[in-house]
Amino acid sequence: MKKIGKQTFSIKDDVFVRSTFTIAGKKEGEGPLGKEFDMVVEDDLWGEKSWEKCELKFQKEAVKNLMDKNNLMKEDIDLLISGDLLNQIASSSFAARDLQLPYIGVYGACSTMALTLGLGSLIIDGGFANNVICATSSHFCSAERQYRLPLEMGGQRHMSAQWTVTGAGAVWLSNSGSGPRIKNVTFGKIQDLGVKDANNMGAAMAPAAYDSLRQHLEDTGIDYDLIVTGDLGTVGKSIVNKMFNEDSSSIEKKYDDCGTIIYDIDKQDVHAGGSGCGCSATVFGAFLYKKLLNREINRLLFTSTGALHSPTSTLQGESIPGIAHCIGIEM
Amino acid sequence: MKYDKDSYKQVVDEYTPKNKMLKNCVWAFIFGGAICLLGEIIKNVLMSGFNIAEQDAGPMSSVILIALSALLTGLGWYDKLGKIGGAGTVVPITGFANSVVSPALEYKREGYILGTASNIFKLAGPVLVFGYFSSFIVGVLSLLFS
Amino acid sequence: MNYLMSFIVGGIICVIGQIIIDTFKKNNAYLLVLLVVAGTFLGYFGIYDKIIEIGYSGATVPLLGFGHSLAEGAVEEAASKGFIGALSGGVVKTAPGVAAALLFGYIAAVIFSPKGNK
């Protein structure tokens, strides 16, 4: 069996992260990573008739451009694995309708990037595919509509609320070539410590992030150069740090969160930071992957975090179940 | 997991930033006061400028405020005011109008009948249900105790 | 004087609303419902009439005033028409405001298109 420790799958064959393509919205383009994205789209409709249609265009264009950039033909791609935040993962399925690639749609809320990377690696390592594209997207307006209130409604966001990233990321995984390799994958267990406040997602997901990270580090014993979570924001990030400090195994110096990397928290009025599928996807593709390529870091633990609630479950008084999947990547 | 729901709640409370209530209250006072002042000005203009009786001028001034709120919501400005004004823009009748106009506008892309028209009371519906209900109770009470 | 008192009383009512929002962190719909119901009963017990005497539009423009009108209408019509009046009074009295919101809301939706928060 290729499983090590309690929960971690060890990838024995080569699974290279060959290339990435990221598209970001206006606010993300104005942030610290503005110049790193492959494409920045200023218009929040991108010429489409609705925000939902715009989001699927983000995802479709990310995959198309990734293929064009690497001269990949449809026949070269064995599988497209993608997901998003909207009901029935509509953005992903409609993007796949136009892309005409063999498609698996997955739902992992904001953990989708790591979830698809993990699944893609297993499928390649299992010998079922040579080339897999993993993709995800989110859009501030479509997410806000589905999960909260109409955008034209006056009122204030709470200080712990996060800002859904408008953006999409696509990643090409292959069993040949060169570059950073995915070595270990840990799929997390759902953790739910009773947080019900949809304006405090970081706190709802932090226990899941801590649990998966701790398990992955215990299973693999690897000393990572950089550990990054998906979208915990300022609140969740400090709770994860606190939990590791209590174990006297502080990760504070090498730990960061995509939700705090993508925006300038002090200047951009995003309160606790970024969130959404697009958050970890764009930060991975535009920032973390390049750090690996440039050998600024050699071992990256990339962990996307997701809140697996629905608007209905929240109304019915359920708390927010959190999940986190860890992808260990080495250059 | 080393935390249970109760002990984690304490951690969350400790790490969650508090809303800036004092600052919010100051802005709510200014915005709310200003909207009510505007209502009073409109009412007085209607009464003195157009010779409208006081009992009609009140509702008419409300209707004008509602129209104004619908216009600002449509232009996408009311939510920007609401960001600063908080409850100052929610509590006045303009906030009620905003809660009617905003879903109407937002669901436009799902069609004018099943989108706009069926979602128009998405937020204001509860207000009317509870409002009419308590109005009925009060009416019956007045019958019983008159 | 009317203007000053409108501003102050309206402001105070909104501050109370703000405290409720920041303390309970609930959807604004809860606040609106609370205000209307509170306004109705304050109206019934004659307390809100006193607030209107002091605050003019500062008391009638907030949603509490909408509740007050509901109560006023229900009581007036119950006195003249009995049970049917209790049922219709509040609705009739507040109909202009509700109809205006509906009408202008629909017109705004037709004219304008929704804007993102960017």
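The model is predicted: local features need pLDDT of at least 70, side-chain atom pairs count only at pLDDT 80 or more, and totals for chains, interfaces and linings use all residues. Residues are numbered from 1 along each chain as its sequence is written, and chains are lettered from A and ligands numbered from 1 in the order in which they are written.

View 1. Domain 1 of chain A gives 58 residues to the contact and domain 2 of chain A gives 61; two residues are in contact if their C-beta atoms, placed from the backbone, lie within 7 Å. On the side of domain 1 of chain A that touches domain 2 of chain A, helix H4 (residues 112–125) of chain A supplies the largest share, eight residues. Helices (H or I, at least four residues) and strands (E, at least two) are DSSP runs, numbered from the N terminus. That side of domain 1 of chain A holds 27 nonpolar, 24 polar and seven charged residues. Ala, Val, Leu, Ile, Met, Phe, Trp, Tyr, Cys and Pro count as nonpolar, Asp, Glu, Lys and Arg as charged, and the others, Gly among them, as polar.

View 2. Chain B has eight helices and zero strands. Its radius of gyration, 21 Å, is well over the 15 Å that the globule rule gives for 146 residues, so chain B is more spread out than a compact globule. The radius is taken over C-alpha atoms, and the rule is 2.2 Å times the number of residues to the power 0.38. Along the principal axes, the C-alpha atoms of chain B fill a box of roughly 70 × 45 × 40 Å.

**View 3. Chain B against chain C.** This contact takes 65 residues from chain B and 66 residues from chain C. Elements giving two or more residues to the chain B side include helix H3 (54–74), helix H6 (93–106) and helix H8 (125–144) of chain B. The largest share of that side, 16 residues, comes from H2(B). By class, the chain B side divides into 41 nonpolar, 20 polar and four charged residues.

**View 4. Chain C against chain A.** Here six residues of chain C meet 12 residues of chain A. The chain C side comprises one nonpolar, three polar and two charged residues.
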